[in-house]
Amino acid sequence: YRGLKPVWFSPSSQTALAEAELEYPENHVSRSVFMAFHIKSSAPCLYELQPIDLAIWTTTPWTLPANLAVSVNADIQYAAVDYFFDHAPFRRRLVVAESLIDQLGTKLKANH
């Protein structure tokens with residue numbers, strides 16, 4: 001039908017693909033970054049946990065300066081986790097999906 005375009009979907013990552021991603025060579029590896037977004041206003045239950053940040057991961061870091069908000073999924077359980085780093089004398093309190101707590105600690109080389 002005229003005016004309609006297909007949306008390519010990746011079953012392995014369960015996300016839509018940009019048209020450019022269809023042309024990547026077989027051995028292509030996308031670079032990604034982890035970021036911590038400070039929670040400025042929050043539900044009263046988070047007040048006593050301040051300072052607290054929301055952990056995010058993206059393969060499009062050039063979009064970060066324009067970000068105004070972060071979305072969370074109502075069907076996912078989240079937890080506030082204190083991560084401790086060997087190379088820094090402080091902890092970082094992050095809101096993380098419960099299923100990813102250990103995986104993020106490993107990626108960040110941090111204990112929790």
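These legends walk through several views of one predicted model. Because the model is predicted, local features need pLDDT of at least 70 and side-chain atom pairs count only at pLDDT 80 or more, while totals for chains, interfaces and linings use all residues. Residues are numbered from 1 along each chain as its sequence is written, and side-chain values use heavy atoms, with hydrogens and water left out.

View 1. Helices (H or I, at least four residues) and strands (E, at least two) are DSSP runs, numbered from the N terminus. Along its principal axes, the C-alpha trace spans about 55 × 35 × 25 Å. Buried residues make up 22% of the 112 residues; here buried means under 20% relative accessible area, exposed over 50%, and partly exposed in between (1.4 Å probe, protein chains only).

**View 2. Five strands form an open sheet in the order E3-E4-E6-E5-E7.** The pairing is mixed, and two strands pair if DSSP finds at least two bridges between them. Strand E3 (33-38) and strand E7 (110-111) are the edges, each pairing on one side only. Helix H2 packs on this sheet and touches E3, E4, E5, E6 and E7, where contact means heavy atoms within 4.5 Å. The direction of H2 makes about 25° with that of E5; axes are lines fitted to C-alpha atoms, for helices over the stretch in contact, and angles run from 0 to 180 degrees between N-to-C directions.

**View 3. Strand E6 (residues 91-97) has partners in E4 and E5.** Of its 7 residues, 5 are buried, so E6 is largely enclosed by the rest of the structure. With strand E4 (residues 53-58), E6 runs parallel, joined by 2 bridges; look for Leu-54 opposite Val-95. With strand E5 (residues 78-85), E6 runs antiparallel, joined by 7 bridges. Here Val-81 stands opposite Leu-94, and Phe-84 has Arg-91 as its bridge partner. E5 and E6 form a hairpin with 5 residues between them.

**View 4. The largest nonpolar core holds 10 residues.** Such a core is a set of buried Ala, Val, Leu, Ile, Met, Phe, Trp, Tyr and Cys residues joined through side-chain atoms within 4.5 Å. The members are Ala-79, Val-81, Tyr-83, Phe-85, Ala-88, Leu-94, Val-96, Ile-101, Leu-104 and Ala-110. E5, E6 and helix H2 (101-108) each give two or more residues, and E5 gives the most, with 4. Another core, of 5 residues, lies apart from this one and includes Ile-39, Leu-46, Leu-54 and Val-95.

**View 5. Asn-111 sits in strand E7.** At 47% relative accessibility, Asn-111 counts as partly exposed. Leaving out residues up to four places away in sequence, Asn-111 touches Asp-82, Tyr-83, Phe-84 and Asp-86. Arg-91 is 20 residues from Asn-111 along the chain, and their C-alpha atoms are separated by 9.5 Å.
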